[in-house]
Amino acid sequence: MQWGMLLGIDVGGTHTDAVVIDESGIAASCKVPTEHGNLLASVESVIDCVCRQVPAAEIERLNLSTTLTTNAIVEGKTEEVGVLAVGGPGIDPTDFMLCRHFHALSGAIDHRGQLIRPMKESELAAAVAACRKDGIRAYAAVSKFSPRNPGMENRMAEVIGEAADVVTRGHALTGRLNFPRRLATAYFNSAIWRLFNDFADAVGKSLRRLGLSAARVNILKADGGTMPLSMAREMPVESILSGPAASIMGIISMCDIVHDSIILDIGGTTTDIAIFAKGAPLMEPDGIAIGSHPTLVRSLLTRSIGVGGDSALSVLAEEVRVGPQRPGPAMAAGGGHPTLIDACNHLGLAGHGDIARSRAGIERFAADHSLKPEELAQRAVDAAVGRIRDEVRAMVKEVNERPVYTIHELLEGRRIVPSKIYIMGGPAEVLKMPIFKAFSLSVSVPQSYAVANAVGAALTRTTRSVELFADTEQLRLHIPTLGVSRVIEPDYDLEAARRDAARSLLSFMRAEGVPSREENVEITQASSFNMVEGGRLVGRNIRVKCQIRPGILHRYKELLGRLC
Amino acid sequence: MLKAAHSLGIVFFPAFDWALSPTHPEREERLLYTQDQLEEEGVFDIEGIAEVKPLVADVADVERVHFTFPETELVTTRSHLVAAGGAMRAAQLVLSGARDKAFALVRPPGHHAMKSVHGTRGFCAINNEAIMIEHVRETHGARRIAVVDTDCHHGDGTQDIYWHDPDVLFISLHQDGRTLYPGTGFPAECGGPKARGRTINIPLPPQTGDEGFLMVIERVVRPILDDFKPELVINSAGQDNHFTDPITDMNVTARGYGRLNELLNPDIAVLEGGYSIQGALPYVNLAIVLAMAGLDYSGVVEPDLEPARVRQSNRTTEYVKRLCGELPRLYFNPPPDTSLTRENGYFVRRKEIFYDTDNIRETQMEFLRDCEHCPGFLRLETRSNRVPLSLGIEAPVGVCGACAEEARRQFEDAQLKGGFRYAQLIDRVNKIYQRIGF
């Protein structure tokens, strides 16, 4: 059987990588420097490059991971947003004022989704008028407990109406609770909406020009999955910080990971760490933080530390340190200060670049600190690997100490015990043995680690998660992100809820044109609580979360292990 | 971004898979809406506030405190051990310096569990605070501790455990025992012969509101605490004084609880009762969390709060004022116990204890050695409709060598002569914990 080819592009901070994959493996790959001020140019040039190796018309799909939205937020190049927030009992919403046009409105919904104080229409009208007067065209509308009752957010969007090009309603992004995070997520979504949509238009034009008009475009998310471009146009916030996820999905697509494992992506200046439990990547419990703002954007759990191949050596109070500074490239590559790679060259672990320059640099630096060169180099490698090991241990401990809420999980819950380490990135091969010694765990370095990020981008499937909330006393069911709100019978139960959550998710995906397999739908939480009043059962409070879990496209499963 | 003035650890363990029975107030649903509220408010994202997993208490932690009959495993469930372990974790966070304060939001409660345990009473089987305190004393050395019980029900279990302990100050504020379970907690109950004035009971009339509670804290509790100078202040934080509680009759609001906590300034709070799980708990718990962290709780206003309906009457205010005038002397100048019986060098008490949850009637004879050097060791002979005559002997922290030795001798004597179905020794001086009979 003949499939079209998949193109994966990862626009990173320094390089833009691309690979084309067909059923036999990597059919083409390219790497170009990222043009920071013009990401579209980087995308075009890398597509141009791979299309010289394979026919453009055979590319059926483009999966794109980009720093566009992340950069815009970090650099403050975002659009002014009018934020309308309805608080209610508890912490004052103005404590979470994200921007100038922030309007706290009165009104309240409680934890069961019951309207306890209606919103004041006059306040709403005044807030919208004030934003209009200032020329605001992007809005975020968020109320406390909106996933349990989206009424207020919908009403706010209705009143804003034509005054806006975009209104992000909190419940449309996620059904999970956390008002401050929902506010931030909705705000950022609107703040980067126009930028992202302009970029999407431009990418579409470029693809047509380059002969890829048939290719479906997906955008990578921080959870390691993709979303169709049409969905990304509505929730561009989901495209932030997808870089580390691309690399992690690369490892998954190359190696058949089945055990509790550690993934290390060792770059020039940093090492990114991820953890796998029984072969599946762990997620952040709530969502990723953008700067100092925690959000509800789902993300793989990753930590970054300032240790990499180009990290500078330093000696402080007789202690040899590596990083976090990176004054320039390694001496082997013409730099002026010895780095971790120079230490590896000196020890004969590596043979990168100009080894004589590395040796000379290490010798001079050792003499300056009254150390033997071998000792300095060895202690530097030990320090680097030691920091990685300490961070990994802290991370595993943190995961094992995550709160749980049932006695069963507390007493019989599974602990993560890593049994294997996968390393990728430039210095991966070089640090393989030192890491093996530091952890005493089996270590593997996949063959094509240099383009793992682009491979991950190319092969990862579309993910999505939904939350269902049903209350058989109020006879109401909500699936906030799908806009589902309907009446249920009093005998509605957990089994029905599990089925409805999974079915709604699958039919939504199929309606969006994403073929999704039932076996990839995973119920991550399902609970039903008897609600009792006056000693009498009055109903059930049912909560179900389900997701299409991150993983690689089914038809490329056979590639598993072959690139490892 | 919000930042806590005091760092706070929250041991949140709702035990979503455990209930006393499906429709019992102590059921899976109890902390569900509290969790919703804390999550929705983003409490765990506030800088300085962290959510922490509980420890699991083991049998030794229980048997450092309680005489359990027939055995610990039969009077507890795993959830009891987790609740006690949650309190232990809270104390560990504070004593290790990891957190300024800690709140154990755990269930089931424990403050009705007494020294001797034959079963469950008032939803409690083992005393979470006492297990925590004795764990602290054993592992961290702190000795002088104050427990302020603000549950609406008299903390008769904690009172019983520390009745003879001069180093633990126990203060209970509650709805008057003439109108509510367990029917005790009167000012005349103010500590055993060696710990007079170390138990203070403050019964409040039904429908006392924020004003009355805060007046008692300011005029009675605070001055006593300031004089006692404990190393740790623990709040047994029952939330059933709330105006919506279904099984009590008080008028305290969430903001009242916040203010109470602010005035009391406890190092550790441990959840006790409180069964208005939708109308009170989400708001009261949030107010306590914010108050402990030193954050503004003035916005925590219950949806169904009508200020006029929760305002206490002038008559109540006058009554509470009078109480505030009279009660401090119980601590500063405690009256002698006129009902005391002293036989052969021992103070003797006979007690009848009813376990409402398990329908057990226990009869105890309690002997406290009247020692001139120390608070004396304790001998407890107990029987119930479930357990034949059994014995508990305790040489508590701080007793003299002679008392510890005599306690051990009596335990050995009981083994030789028999007559007791089960016998348990708690020797805190030599750290010897033994039980026989099974």
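Visitor: Which residue forms a salt bridge with A:Lys144?
Guide: In this predicted model, A:Lys144 forms a salt bridge (a Lys or Arg side-chain nitrogen within 4 Å of an Asp or Glu carboxyl oxygen) with B:Glu41, and their closest N and O atoms are 3.0 Å apart. Local features need pLDDT of at least 70 and side-chain atom pairs 80 or more, while totals for chains, interfaces and linings use all residues, and side-chain values use heavy atoms, without hydrogens or water. Residues are numbered from 1 along each chain as its sequence is written, with chains lettered from A and ligands numbered from 1 in the order written.

Visitor: How many salt bridges are there between chain A and chain B?
Guide: The count between chain A and chain B is six.

Visitor: And how many residues are in contact there?
Guide: Counting heavy atoms within 4.5 Å as contact, 44 residues of chain A meet 41 residues of chain B. The area buried between the two chains (accessible area to a 1.4 Å probe lost on being put together, summed over both) is about 3700 Å², and carbon and sulfur atoms give 60% of that.

Visitor: Which residues of chain A lose the most area?
Guide: They are A:His111, A:Tyr405 and A:Ile407, which together account for 20% of what the chain A side buries to chain B.

Visitor: Changing topic, what is the strand order in the open sheet of chain B?
Guide: Its eight strands (DSSP runs of E, at least two residues, paired by at least two bridges) follow the order E2-E1-E4-E10-E9-E6-E7-E8, with parallel pairing.

Visitor: Which strands are at the edge?
Guide: Strand E2 (47-52) and strand E8 (199-204) of chain B, each of which pairs on one side only. Six bridges join E8(B) to strand E7 (residues 168-175), and B:Ser172 has B:Asn201 as its bridge partner in E8(B).

Technical notes. Helix = DSSP H or I, 4+ residues; strand = E, 2+ residues; numbered from the N terminus.
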